[in-house]
Amino acid sequence: MNPSVILDGKAVAQSIYQKILLEVSLLSFVPKIVFIRVGEDPASQSYVRSKEKRCLELGLRGETIVLSEAISQDELIEKIFNFNRDKDVNGILIQLPLPKHLNKTKVLQSIDPLKDVDGLHPENSGLLLQGKPRFVPCTPAGIVEILNFYKVSIQGKRVVVMGRSEIVGRPMAQLMLNHHATVTVCHSKTENLMEELKRAQILIAAIGKPQFVKAEMVSAGVTVVDVGINRVDGKILGDVDFEGVKEKAFAISPVPGGVGPMTIAMLMKNLIIAATLQSKKT
Ligand code: NAP
């Protein structure tokens, strides 16, 4: 068997950044995104720093607003409303997770849907469900970009999505359906999981269980996209046993360096879409 294709998310992200640089140079203004971080979670700090840095590299404006862990829901929503009204702000991102006393759904719903660059507002989820996407959540959108870049055809294929979270699994399944795949969604209650996985021509693993997917669970020739980010003994592991599964797969994404780099790239792409939509509105 030929060696499997490694789906290199860094390379795909770079190609997207090249396009964004061109698009930014054609705009008559510099788009601005506000990152709202509540509390001092170290992972959130690092994610927001990377996003801000990327904005700078692309000639975009990124501003981080750090709010106290103790902020009330009403106060947070009032801050969001202020950014909704601010015409200088094109995109608003709430860094998740939020502290437990804040209602994530209510907070996300308070973002102006035209500034919702993470694509988590119900209006944007609804548009995706209707097959008319505006802002698609960044991780699933990035996965489609990777598959397109490597010319892995989606149409008509049996796609199995492992995981049904709001941020990855559900929008992923919907997006695959919009691309004319035959989609199965598996989760923790799925019976005969192995049988379902074996049927996959494209398998997307997003369950947050280190190296859960083993070679014997997949069919030869499958394309595997590993979304998992699991920190184990100081190492980052995916949801797939990369070394084992690689031997059977036609193509496979590594962790790190697969889906991860795409998430910020798609956020930047969504910011350009937001800025363009808003400039047409005024
Ligand atoms: P999540 O909210 O914890 O959801 C996990 C999903 O996996 C749930 O739907 C759960 O089923 C399902 N699941 C758990 N164990 C399972 C099992 N043994 N068999 C089948 N399904 C199982 O996680 P998430 O936010 O979607 O994230 C998933 C992984 O992706 C995590 O490792 C996360 O760090 C990573 N991630 C990476 C990126 C990136 O940029 N690369 C972005 C986001 C997330 P139930 O619904 O039945 O509980």
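Predicted model: local features only at pLDDT ≥ 70, side-chain atom pairs only at ≥ 80, totals over all residues.
**Entry 1, domains**

I began with the domain assignment of the chain, which gives domain 1 (29-113) and domain 2 (137-261). I then looked up the separation of their centres. Taken over C-alpha atoms, the centres of domain 1 and domain 2 are 29 Å apart.

Next I looked up the largest pocket, whose volume comes to about 1500 Å³. I noted 50 lining residues for this pocket. Nearest its centre lie Y47, T139, I229, G260 and T263.

At least two residues each come from helix 1 (9-26), helix 2 (42-57), strand 4 (91-94), helix 6 (138-149) and helix 10 (260-281). Helix 2 has the largest share of the lining, with nine residues.

Six strands make up an open sheet, ordered 1-11-8-7-5-6, with parallel pairing. Which strands stand at the edges? I noted strand 1 (5-6) and strand 6 (182-186) there; each has a single partner strand, so one side of each has no neighbour in the sheet.

I checked one pair inside this order. Strand 8 (residues 223-226) pairs with strand 11 (residues 251-252) in the parallel sense, over two bridges. For T223, I looked up the bridge partner in strand 11 and found A251.

As a reminder to myself, strands of a sheet pair through backbone hydrogen bonds, in either the parallel or the antiparallel sense.

Last, I looked at a single residue. Q174 sits in helix 7 (residues 169-178). Is Q174 buried or exposed? I noted a relative accessibility of 16% for Q174. Buried means under 20%, so Q174 counts as buried.

What does Q174 touch, leaving aside its neighbours within four places in sequence? I found L128 and L129 in contact with Q174. For L129 I also looked up the separation from Q174: 45 residues in sequence, and 6.3 Å in space from C-alpha to C-alpha.

Conventions
Residues numbered from 1 in each chain as written. Heavy atoms only, no water. Helix = DSSP H or I, 4+ residues; strand = E, 2+ residues; numbered from the N terminus. Buried < 20%, exposed > 50% of the residue type's maximum accessible area, 1.4 Å probe, protein only. Contact = heavy atoms within 4.5 Å. 1 Å grid on protein atoms, 1.4 Å probe; cavity = no way out; pocket = protein on both sides within 12 Å on 5 of 7 lines; lining within 4 Å. Points joined across faces, edges and corners; volume = space filled by probe spheres on them. Pairing = 2+ DSSP bridges. Domains from an automatic or database assignment.
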